[in-house]
Amino acid sequence: MIWAIVPAAGRGSRYGGDVPKQYLDIAGLPLIAYSLRAVLAHPSVGGAMVVLSEDDASWPGYTEIDGKPVRTCIGGAERCDSVLAGLAALPDDVRPDEFVLVHDAARPHLRASDLERLLDLGRGDPVGAILAAPVRDTLKRAGNDGGVDGTESRERLWRALTPQLFRRLQLTRALEAARNAGVVVTDESMAMERQGHRPLLVEGSDDNLKVTTPADLPLAEFLLRLARE
Ligand code: CTP
Ligand code: MG
């Protein structure tokens, strides 16, 4: 049975405000509720491990969603510390070679079809897979004076999304190696790549947005209301 680790221990510094972004209200529910529901909706996903910050005052206290267990543990200063805490806190019956999903708490609009494709293709890969979207805009390299120094090719460039799917022990080892080397990894795949692994890119939807700044919230709300209709 696959478990989903949902890191929610971030402070949301780019978003600002008193309540961390993952707990902001969207159409009557905290943002994280949508992220959890979306990963738990797949029949192969058996439960979710939510990683909270030590001084979390806003976690709604779910213990199950749609009949599946929701557990919590305490994370750390970097995302990598939080995901490692989640991996360590998984139930004992999650085997070392079993796949686990990692999905941002701040990513509420994950389409069921994207999750399905990730699981179908990723479980057939020896390493695992990530959802990603091809870069659509033209890319400019900025000079120190704010002028354009040049144009980068967007060919073969993808934006990494979540969920990301890896085996429990391999991911643990990769994140530990990154942490021990003092390298800040911004997603799980980056830690795996450092170990020489080549995760599969699975194309996901552009609208699987991570709420990062206040401008993202109305967009997320619009997408979620649309999906409910
Ligand atoms: N996260 C975490 N532990 C950390 C840092 C981040 O669990 N030490 C989680 C966040 O809660 C979020 C996800 O990782 O669900 C993606 O991170 P990001 O969007 O960067 O959120 P924050 O780190 O909270 O935001 P910011 O970088 O603006 O401070
Ligand atoms: Mg962050």
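The legends below describe close-up views of a predicted model.

Local features are described where pLDDT is at least 70 and side-chain atom pairs count only at pLDDT 80 or more, whereas totals for chains, interfaces and linings use all residues. Residues are numbered from 1 along each chain as its sequence is written, and chains are lettered from A and ligands numbered from 1 in the order in which they are written.

**View 1. The shell around ligand 1.** Ligand 1 is surrounded by 22 residues, a residue being counted if its C-beta atom, placed from the backbone, lies within 6 Å of the molecule. The closest of these residues are Pro7, Gly10, Ser13, Arg14 and Ser82. Two or more residues of the shell come from each of strand E1 (2–8) and helix H2 (79–89), where helices (H or I, at least four residues) and strands (E, at least two) are DSSP runs numbered from the N terminus. By residue type, the shell holds eight nonpolar, eight polar and six charged residues; Ala, Val, Leu, Ile, Met, Phe, Trp, Tyr, Cys and Pro count as nonpolar, Asp, Glu, Lys and Arg as charged, and the others, Gly among them, as polar.

View 2. Eight strands form an open sheet of mixed pairing, in the order E5-E6-E4-E1-E7-E11-E8-E12, and two strands pair if DSSP finds at least two bridges between them. Strand E5 (64–65) and strand E12 (200–203) each have a single partner strand, so one side of each of these edge strands has no neighbour in the sheet.

**View 3. Strand E4 between its partners.** E4 (residues 45–52) runs parallel to E6 (residues 68–74), to which five bridges join it, with Val51 opposite Cys73 and Leu52 opposite Ile74. E1 and E4 are also paired in the parallel sense, over seven bridges, and here Ala4 stands opposite Ala48. Because six of its eight residues are buried, E4 is largely enclosed by the rest of the structure; a residue is buried if 20 or more other C-beta atoms, placed from the backbone, lie within 10 Å of its own.

**View 4. Strand E11 and its antiparallel pairings.** E11 (residues 158–167) pairs with E7 (residues 99–102) in the antiparallel sense over four bridges, and Gln164 of E11 is the bridge partner of Val102. The pairing of E11 with E8 (residues 128–134) is antiparallel over six bridges, with Trp158 of E11 opposite Pro134.

Technical notes:
Buried ≥ 20, exposed ≤ 12 C-beta atoms within 10 Å, placed from the backbone.
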